[in-house]
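Okay, thanks for making time, everyone. Have a look at the model on the screen and I'll talk you through it.

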Amino acid sequence: MKDVVFGQIYPVNSPVHRADARAKFIIMIVYIVTVIFARSFMQFAVIAAALLTVVLMSRVPPLKVLSSLKAIIVLAVVTFVFTVLLNKGAGAEAEAFYVGFGPFCICRTGLMTGGLVLCRIVLLVLGPTVVTLTTTPVDMADAIEFLLSPLKLIKVPVHAFGMIMSIALRMIPTLFEETQRVMNAQKARGACFDHGNVFKRIAALVPVLIPLFISAFKRSADLSDAMESRCYNGGKGKTRMKVLRFRVSDIAAMLFSAALLFFILVCVYNWWGWSWVSVMAMGAA
(Lines give C-alpha, C1' and ligand atoms only; values in the text may rest on other atoms or scores of the structure.)
Protein backbone atom coordinates (compact mmCIF):
# COMPACT_ATOMS: atom_id res chain seq x y z
CA MET A 1 0.00 0.00 0.00
CA LYS A 2 2.93 2.35 0.47
CA ASP A 3 3.50 2.17 -3.30
CA VAL A 4 0.06 3.63 -4.07
CA VAL A 5 0.61 7.09 -5.55
CA PHE A 6 -2.99 8.25 -5.95
CA GLY A 7 -3.64 11.17 -3.63
CA GLN A 8 0.07 11.76 -2.99
CA ILE A 9 2.21 14.60 -4.33
CA TYR A 10 5.93 14.48 -5.08
CA PRO A 11 7.14 17.85 -3.74
CA VAL A 12 9.74 19.31 -6.08
CA ASN A 13 10.06 22.59 -7.93
CA SER A 14 9.40 21.99 -11.61
CA PRO A 15 7.51 23.64 -14.49
CA VAL A 16 4.84 20.94 -14.29
CA HIS A 17 4.31 21.55 -10.55
CA ARG A 18 4.03 25.30 -11.14
CA ALA A 19 1.53 24.90 -13.99
CA ASP A 20 -2.07 25.93 -13.41
CA ALA A 21 -4.17 23.06 -12.07
CA ARG A 22 -7.01 23.92 -14.44
CA ALA A 23 -4.68 23.62 -17.41
CA LYS A 24 -3.44 20.25 -16.15
CA PHE A 25 -6.99 18.96 -15.81
CA ILE A 26 -7.91 20.11 -19.30
CA ILE A 27 -4.73 18.55 -20.70
CA MET A 28 -5.49 15.32 -18.84
CA ILE A 29 -8.97 15.14 -20.40
CA VAL A 30 -7.55 15.78 -23.87
CA TYR A 31 -4.84 13.17 -23.19
CA ILE A 32 -7.43 10.54 -22.24
CA VAL A 33 -9.41 11.23 -25.40
CA THR A 34 -6.20 10.99 -27.43
CA VAL A 35 -5.30 7.61 -25.94
CA ILE A 36 -8.81 6.29 -26.58
CA PHE A 37 -8.69 7.30 -30.26
CA ALA A 38 -5.20 5.87 -30.89
CA ARG A 39 -5.25 2.72 -33.04
CA SER A 40 -1.64 1.67 -33.69
CA PHE A 41 1.61 1.04 -31.83
CA MET A 42 3.24 3.98 -33.62
CA GLN A 43 0.53 6.33 -32.36
CA PHE A 44 0.91 4.96 -28.83
CA ALA A 45 4.67 5.47 -29.13
CA VAL A 46 4.14 9.15 -29.99
CA ILE A 47 1.81 9.57 -26.99
CA ALA A 48 4.27 7.75 -24.72
CA ALA A 49 7.11 10.00 -25.91
CA ALA A 50 5.04 13.10 -25.07
CA LEU A 51 4.19 11.65 -21.65
CA LEU A 52 7.85 10.80 -20.98
CA THR A 53 8.79 14.39 -21.81
CA VAL A 54 6.28 15.65 -19.24
CA VAL A 55 7.60 13.19 -16.62
CA LEU A 56 11.18 14.35 -17.18
CA MET A 57 10.11 17.99 -16.96
CA SER A 58 8.27 17.29 -13.70
CA ARG A 59 11.46 15.87 -12.11
CA VAL A 60 9.40 13.00 -10.67
CA PRO A 61 11.35 9.70 -10.77
CA PRO A 62 9.98 7.55 -13.62
CA LEU A 63 9.89 4.53 -11.30
CA LYS A 64 7.60 6.50 -8.99
CA VAL A 65 5.19 6.99 -11.87
CA LEU A 66 5.47 3.37 -13.01
CA SER A 67 4.69 2.14 -9.49
CA SER A 68 1.06 3.16 -10.09
CA LEU A 69 0.79 0.19 -12.48
CA LYS A 70 0.96 -2.22 -9.54
CA ALA A 71 -2.67 -1.45 -8.73
CA ILE A 72 -3.91 -2.55 -12.18
CA ILE A 73 -1.35 -5.23 -13.13
CA VAL A 74 -3.86 -8.05 -12.61
CA LEU A 75 -6.55 -6.28 -14.63
CA ALA A 76 -4.10 -5.54 -17.44
CA VAL A 77 -2.83 -9.13 -17.64
CA VAL A 78 -6.32 -10.68 -17.52
CA THR A 79 -7.56 -8.27 -20.20
CA PHE A 80 -4.58 -9.06 -22.43
CA VAL A 81 -5.00 -12.84 -22.05
CA PHE A 82 -8.73 -12.85 -22.77
CA THR A 83 -8.30 -10.49 -25.73
CA VAL A 84 -5.68 -12.79 -27.24
CA LEU A 85 -7.62 -16.01 -26.64
CA LEU A 86 -11.02 -14.76 -27.83
CA ASN A 87 -9.88 -12.84 -30.92
CA LYS A 88 -9.81 -15.32 -33.82
CA GLY A 89 -8.92 -12.78 -36.48
CA ALA A 90 -9.56 -13.77 -40.09
CA GLY A 91 -9.11 -17.51 -39.54
CA ALA A 92 -6.28 -20.04 -39.74
CA GLU A 93 -5.93 -19.70 -43.49
CA ALA A 94 -5.48 -15.93 -43.47
CA GLU A 95 -3.28 -15.67 -40.36
CA ALA A 96 0.51 -15.88 -40.55
CA PHE A 97 0.55 -17.36 -37.03
CA TYR A 98 -2.38 -19.42 -35.71
CA VAL A 99 -2.59 -21.94 -32.84
CA GLY A 100 -6.09 -23.21 -32.01
CA PHE A 101 -7.24 -25.29 -29.06
CA GLY A 102 -10.95 -25.76 -28.48
CA PRO A 103 -12.92 -22.50 -28.47
CA PHE A 104 -9.71 -20.50 -27.96
CA CYS A 105 -6.84 -19.63 -30.25
CA ILE A 106 -3.65 -17.61 -30.38
CA CYS A 107 -3.10 -15.75 -33.62
CA ARG A 108 -1.29 -12.70 -34.92
CA THR A 109 -4.44 -10.57 -34.93
CA GLY A 110 -5.23 -11.51 -31.33
CA LEU A 111 -1.71 -10.69 -30.17
CA MET A 112 -1.79 -7.34 -31.96
CA THR A 113 -5.20 -6.45 -30.52
CA GLY A 114 -4.18 -7.55 -27.04
CA GLY A 115 -1.01 -5.49 -27.24
CA LEU A 116 -2.98 -2.40 -28.28
CA VAL A 117 -5.44 -2.86 -25.41
CA LEU A 118 -2.56 -3.31 -22.97
CA CYS A 119 -0.86 -0.13 -24.21
CA ARG A 120 -4.11 1.80 -23.89
CA ILE A 121 -4.66 0.66 -20.28
CA VAL A 122 -1.08 1.49 -19.25
CA LEU A 123 -1.17 4.97 -20.79
CA LEU A 124 -4.60 5.70 -19.30
CA VAL A 125 -3.18 5.00 -15.83
CA LEU A 126 0.16 6.78 -16.21
CA GLY A 127 -1.27 10.08 -17.47
CA PRO A 128 -3.56 10.87 -14.50
CA THR A 129 -0.82 9.60 -12.17
CA VAL A 130 1.47 12.40 -13.32
CA VAL A 131 -1.30 14.91 -12.59
CA THR A 132 -1.86 13.63 -9.04
CA LEU A 133 1.89 13.56 -8.34
CA THR A 134 2.34 17.18 -9.40
CA THR A 135 -0.84 18.83 -8.07
CA THR A 136 -1.82 19.49 -4.47
CA PRO A 137 -5.31 18.45 -3.29
CA VAL A 138 -6.26 22.10 -2.72
CA ASP A 139 -5.34 23.03 -6.30
CA MET A 140 -7.25 20.00 -7.57
CA ALA A 141 -10.37 21.06 -5.68
CA ASP A 142 -10.09 24.63 -6.99
CA ALA A 143 -9.61 23.37 -10.54
CA ILE A 144 -12.61 21.05 -10.32
CA GLU A 145 -14.74 23.85 -8.89
CA PHE A 146 -13.70 26.17 -11.72
CA LEU A 147 -14.33 23.62 -14.46
CA LEU A 148 -17.75 22.76 -13.03
CA SER A 149 -18.72 26.39 -12.43
CA PRO A 150 -21.17 26.50 -15.41
CA LEU A 151 -23.31 24.01 -13.46
CA LYS A 152 -24.03 26.76 -10.93
CA LEU A 153 -26.62 28.06 -13.38
CA ILE A 154 -28.77 24.99 -12.64
CA LYS A 155 -28.22 25.22 -8.87
CA VAL A 156 -25.63 22.43 -8.64
CA PRO A 157 -23.49 22.75 -5.45
CA VAL A 158 -20.18 22.96 -7.29
CA HIS A 159 -18.23 24.17 -4.26
CA ALA A 160 -19.43 21.17 -2.24
CA PHE A 161 -18.16 18.81 -4.95
CA GLY A 162 -14.76 20.50 -4.91
CA MET A 163 -14.57 20.34 -1.12
CA ILE A 164 -15.53 16.66 -1.09
CA MET A 165 -12.84 15.90 -3.68
CA SER A 166 -10.24 17.83 -1.69
CA ILE A 167 -11.07 16.03 1.56
CA ALA A 168 -11.11 12.64 -0.16
CA LEU A 169 -7.69 13.17 -1.71
CA ARG A 170 -6.29 14.34 1.60
CA MET A 171 -7.67 11.30 3.43
CA ILE A 172 -6.37 8.63 1.04
CA PRO A 173 -2.78 8.54 2.44
CA THR A 174 -4.15 8.75 5.98
CA LEU A 175 -6.46 5.77 5.42
CA PHE A 176 -3.60 3.75 3.96
CA GLU A 177 -1.45 4.48 7.01
CA GLU A 178 -4.35 3.61 9.32
CA THR A 179 -4.91 0.33 7.46
CA GLN A 180 -1.25 -0.62 7.82
CA ARG A 181 -1.34 0.26 11.51
CA VAL A 182 -4.43 -1.90 12.12
CA MET A 183 -2.95 -4.81 10.15
CA ASN A 184 0.27 -4.67 12.16
CA ALA A 185 -1.75 -4.66 15.39
CA GLN A 186 -3.75 -7.68 14.23
CA LYS A 187 -0.58 -9.52 13.18
CA ALA A 188 0.86 -8.90 16.65
CA ARG A 189 -2.24 -10.69 18.02
CA GLY A 190 -1.70 -13.71 15.77
CA ALA A 191 -3.72 -12.78 12.69
CA CYS A 192 -2.50 -14.08 9.32
CA PHE A 193 -3.28 -12.29 6.04
CA ASP A 194 -0.88 -14.05 3.64
CA HIS A 195 -1.89 -17.72 3.85
CA GLY A 196 -4.89 -19.76 2.77
CA ASN A 197 -7.19 -19.48 -0.22
CA VAL A 198 -8.94 -16.35 -1.40
CA PHE A 199 -11.97 -16.83 0.84
CA LYS A 200 -9.81 -17.28 3.96
CA ARG A 201 -7.85 -14.13 3.13
CA ILE A 202 -11.08 -12.16 2.67
CA ALA A 203 -12.40 -13.45 6.01
CA ALA A 204 -9.10 -12.47 7.66
CA LEU A 205 -9.63 -8.86 6.54
CA VAL A 206 -12.85 -8.49 8.56
CA PRO A 207 -10.96 -7.62 11.80
CA VAL A 208 -9.18 -4.92 9.77
CA LEU A 209 -12.19 -3.39 8.04
CA ILE A 210 -14.32 -2.92 11.17
CA PRO A 211 -11.83 -0.76 13.12
CA LEU A 212 -10.90 1.01 9.87
CA PHE A 213 -14.52 2.04 9.26
CA ILE A 214 -14.89 3.14 12.87
CA SER A 215 -11.73 5.24 12.60
CA ALA A 216 -12.91 6.79 9.30
CA PHE A 217 -16.28 7.79 10.78
CA LYS A 218 -14.57 9.22 13.84
CA ARG A 219 -12.23 11.28 11.66
CA SER A 220 -15.16 12.58 9.61
CA ALA A 221 -17.01 13.59 12.79
CA ASP A 222 -13.93 15.38 14.14
CA LEU A 223 -13.48 17.14 10.80
CA SER A 224 -17.08 18.33 10.71
CA ASP A 225 -16.81 19.64 14.29
CA ALA A 226 -13.61 21.50 13.39
CA MET A 227 -15.24 23.06 10.31
CA GLU A 228 -18.32 24.14 12.28
CA SER A 229 -16.21 25.61 15.08
CA ARG A 230 -14.45 27.75 12.47
CA CYS A 231 -17.83 28.97 11.11
CA TYR A 232 -17.47 27.26 7.74
CA ASN A 233 -20.49 28.17 5.61
CA GLY A 234 -19.64 26.81 2.19
CA GLY A 235 -18.45 28.87 -0.74
CA LYS A 236 -20.20 32.10 0.25
CA GLY A 237 -17.66 34.91 0.43
CA LYS A 238 -14.79 32.50 -0.04
CA THR A 239 -11.35 33.90 -0.88
CA ARG A 240 -8.28 32.00 -2.02
CA MET A 241 -4.77 32.40 -0.74
CA LYS A 242 -3.47 31.26 -4.14
CA VAL A 243 -5.30 32.81 -7.09
CA LEU A 244 -5.35 30.63 -10.18
CA ARG A 245 -4.08 32.35 -13.32
CA PHE A 246 -3.40 30.99 -16.76
CA ARG A 247 0.10 31.74 -17.98
CA VAL A 248 1.58 31.65 -21.44
CA SER A 249 3.20 28.27 -20.72
CA ASP A 250 -0.18 26.83 -19.66
CA ILE A 251 -1.85 27.97 -22.86
CA ALA A 252 1.06 26.62 -24.91
CA ALA A 253 0.78 23.24 -23.17
CA MET A 254 -2.97 23.07 -23.85
CA LEU A 255 -2.40 23.95 -27.51
CA PHE A 256 0.26 21.23 -27.76
CA SER A 257 -2.12 18.63 -26.29
CA ALA A 258 -4.81 19.71 -28.75
CA ALA A 259 -2.29 19.44 -31.60
CA LEU A 260 -1.37 15.93 -30.47
CA LEU A 261 -5.06 14.94 -30.47
CA PHE A 262 -5.49 16.43 -33.94
CA PHE A 263 -2.42 14.50 -35.18
CA ILE A 264 -3.82 11.22 -33.85
CA LEU A 265 -7.21 11.91 -35.45
CA VAL A 266 -5.51 12.68 -38.76
CA CYS A 267 -3.63 9.37 -38.61
CA VAL A 268 -6.69 7.34 -37.55
CA TYR A 269 -9.18 8.74 -40.06
CA ASN A 270 -6.65 9.43 -42.83
CA TRP A 271 -7.62 13.07 -43.16
CA TRP A 272 -4.41 13.70 -45.08
CA GLY A 273 -5.72 11.49 -47.88
CA TRP A 274 -9.09 13.22 -47.89
CA SER A 275 -7.51 16.68 -48.04
CA TRP A 276 -5.20 15.62 -50.88
CA VAL A 277 -8.11 14.20 -52.87
CA SER A 278 -10.16 17.38 -52.31
CA VAL A 279 -7.23 19.56 -53.43
CA MET A 280 -6.80 17.46 -56.57
CA ALA A 281 -10.52 17.65 -57.30
CA MET A 282 -10.53 21.43 -56.88
CA GLY A 283 -7.50 21.71 -59.18
CA ALA A 284 -9.17 19.59 -61.84
CA ALA A 285 -12.33 21.69 -61.62
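This is a predicted model: local features need pLDDT of at least 70, side-chain atom pairs count only at pLDDT 80 or more; totals for chains, interfaces and linings use all residues.

Residues are numbered from 1 along each chain as its sequence is written, and side-chain values use heavy atoms, with hydrogens and water left out.

So, cores. By nonpolar core I mean buried Ala, Val, Leu, Ile, Met, Phe, Trp, Tyr and Cys residues joined through side-chain atoms within 4.5 Å. Buried is under 20% relative accessible area, exposed is over 50%, and partly exposed is in between, with a 1.4 Å probe and protein chains only. The largest core has 19 residues, and the ones touching the most other members are Tyr31, Val35, Phe44, Ile47, Leu51, Val65 and Leu123. Helices H2 (21-37), H3 (41-58) and H6 (108-134) each supply at least two of its residues, with H6 giving the most, 6 residues. Helices here are DSSP runs (H or I, at least four residues), numbered from the N terminus.

Zoom in on Phe44: leaving out residues up to four places away in sequence, Phe44 touches Val35, Ala38, Leu116, Cys119, Arg120 and Leu123. Contact there means heavy atoms within 4.5 Å. There's also a second, separate core of 9 residues, including Met28, Val131, Met140 and Ala143.

Now the pocket. On a 1 Å grid over the protein atoms alone, a pocket is an open set of points where a 1.4 Å probe fits, with protein on both sides within 12 Å along at least five of seven lines; lining residues have an atom within 4 Å of a point. Of its 28 lining residues, Val16, Ile27, Val54, Ala253 and Phe256 are the closest to the centre. H2 gives the most to that lining, with 7 residues.

Which loop holds Thr136? The one between H6 and helix H7 (137-147). Thr136 is partly exposed, at 29% relative accessible area, and its side chain makes a 3.0 Å polar contact with that of Asp139. For us, that's a pair of N or O atoms within 3.5 Å, one able to donate a hydrogen and the other to accept it.

Last one: Trp271, in helix H12 (residues 271-284). Trp271 is partly exposed too, at 30%, and touches Phe262, Leu265 and Val266, again not counting residues up to four places away in sequence.
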